[in-house]
Amino acid sequence: MEITLPQAYLLGLIALLSVVAVVVGRQVFRVRRDEARLAKLELQCNGTKVEAASLYELGSVQLDKRLFAQAVTTLKKAVKQLDNEPAEAQALVQNALGFSLAAQQNHNDAIRHYRLALRAKADYPVALNNMAFSLEKLQKTEDAINAYVQVLNLESTNNTALKRLKLLKPEAIPSNS
């Protein structure tokens, strides 16, 4: 059976539309899942006695949805309840709070929370990277370079630190990377 040009065109169009339908469908299901998760966590966190872990989870979902102002409020509540949490959890919450503040261009407060995260867990390359980025935004280039070098001392293959150091000061890249 020979396929004529109009038939080939229609088959190609059907195939293209099928692929687009699958991609759009996946995106719709992903958004609906995230919205349902956000609604569930908001209901769960409306109570008076809420655990820091639940607040952190809600803050993370809010960050994923780019609800930075809401994430700051939620993560500040989580920070108030961190007293009995392990150092790893404290570092995660402080870093997330710093990230949400940096997303709102509040880099001074973000750096303060990144430092608190590093105080809780000194070998935390994500917090160091985030702090270096905020330092860059505040035009504190030397401090940013030092932070990126610290990241590379912890994780010599960290792509973010390598790229930023190449842009800021190529000769600052340690020789072991």
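Biologist: What covers the buried residues of helix 2?

Modeller: The cover includes helix 1 (5–44), helix 3 and helix 4. This is a predicted model, so local features need pLDDT of at least 70 and side-chain atom pairs count only at pLDDT 80 or more, while totals for chains, interfaces and linings use all residues. Residues are numbered from 1 along each chain as its sequence is written, and side-chain values use heavy atoms, with hydrogens and water left out.

Biologist: Which residues of helix 2 are called buried, and what makes a residue buried or exposed?

Modeller: Buried means under 20% relative accessible area, exposed over 50%, and partly exposed in between (1.4 Å probe, protein chains only). In helix 2, Ala-52, Ser-54, Leu-55, Leu-58, Gly-59, Val-61, Gln-62 and Leu-63 are buried.

Biologist: How do you know what span to expect for helix 2?

Modeller: A helix here is a DSSP run (H or I, at least four residues), numbered from the N terminus. Its expected span is 1.5 Å times one less than its number of residues. Helix 2 (residues 52–64) has 13 residues and reaches 18 Å from first C-alpha to last, close to the 18 Å expected. Just after helix 2, Arg-66 takes a positive phi of about 65°.

Biologist: What makes a set of residues a nonpolar core, and which residues have the most contacts inside the largest one?

Modeller: A nonpolar core is a set of buried Ala, Val, Leu, Ile, Met, Phe, Trp, Tyr and Cys residues joined through side-chain atoms within 4.5 Å. The largest has 30 residues, and Leu-63, Leu-75, Leu-118, Tyr-124, Met-131 and Tyr-148 have the most contacts inside it. Helix 7 gives the largest share of this core, six residues. Apart from it lies another core, of 11 residues, including Leu-38 and Cys-45.

Biologist: What does Leu-118 touch, its neighbours within four places in sequence aside?

Modeller: Leu-118 is in contact (heavy atoms within 4.5 Å) with Tyr-124, Ala-127, Leu-128 and Met-131.

Biologist: How do helix 7 and helix 8 pack?

Modeller: Their angle is about 145°, with the axes 9 Å apart. Axes are lines fitted to C-alpha atoms over the stretch in contact, and angles run from 0 to 180 degrees between N-to-C directions. Among the residues making the contact are Tyr-148 of helix 7 and Leu-165 of helix 8.

Note on methods: Helix = DSSP H or I, 4+ residues; strand = E, 2+ residues; numbered from the N terminus.
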